Amino acid sequence: MEIKIGIQNVGREIVLESSQDADAVAKLVAEAISGQKELRLEDEKGRQVIVPAGVIGYVELGAQEQRRVGFGAL
């Protein structure tokens, strides 16, 4: 699933691919914002992204996409 995090006063957003489901990520975001602590997410390659909750502008969660197998027309 693709996750986009917008940071206040920054023109670029953080984009990462995660194997977590949307509900789990939404819960982590809500806990970070309500507790004013950092948001910690891990991407598919095991790298961690840590964002202070006070600077989060928005978090966009993409739909989970099923991986396609084969050589068909897209």
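Q: Which residues touch the most other members of the largest nonpolar core?

A: In this predicted model, the largest nonpolar core has 14 residues, and those touching the most other members are Ile3, Ile5, Leu16, Val25, Leu39, Leu41 and Val51. At least two residues of this core come from each of β1, α1, β3 and β4 (48–52).

Q: What is Ile5 in contact with, leaving aside its neighbours within four places in sequence?

A: The contacts of Ile5 beyond those neighbours are Glu13, Ile14, Leu16, Leu39, Leu41, Val51, Tyr58 and Val59. Among them, Leu16, Leu39, Leu41 and Val51 are also named with Ile5 in the list of core residues that touch the most other members.

Q: Where do Asn9 and Gln36 lie?

A: Asn9 is in the loop between β1 (2–7) and β2 (13–17), and Gln36 is in the loop between α1 (22–35) and β3 (38–42). Asn9 counts as exposed because its relative accessible area, 82%, is over 50%. Gln36 is likewise exposed, at 57%.

Q: Which residues does Gln8 touch, not counting those up to four places away in sequence?

A: Gln8, in the loop between β1 and β2, touches Gly54, Val55, Ile56 and Gly57. Gln8 and Ile56 are 48 residues apart in sequence, yet their C-alpha atoms are 6.1 Å apart. A polar atom of the Gln8 side chain lies 3.4 Å from the backbone oxygen of Ile56. Gln8 is partly exposed, at 42% relative accessible area.

Key: Residues are numbered from 1 along each chain as its sequence is written. This is a predicted model: local features need pLDDT of at least 70, side-chain atom pairs count only at pLDDT 80 or more; totals for chains, interfaces and linings use all residues. Side-chain values use heavy atoms; hydrogens and water are left out. Helices (H or I, at least four residues) and strands (E, at least two) are DSSP runs, numbered from the N terminus. Buried means under 20% relative accessible area, exposed over 50%, partly exposed in between (1.4 Å probe, protein chains only). A nonpolar core is a set of buried Ala, Val, Leu, Ile, Met, Phe, Trp, Tyr and Cys residues joined through side-chain atoms within 4.5 Å. Contact means heavy atoms within 4.5 Å. A polar contact is a pair of N or O atoms within 3.5 Å; within protein, one must be able to donate a hydrogen and the other to accept it, and residues adjacent in sequence count only if both atoms are side-chain atoms.
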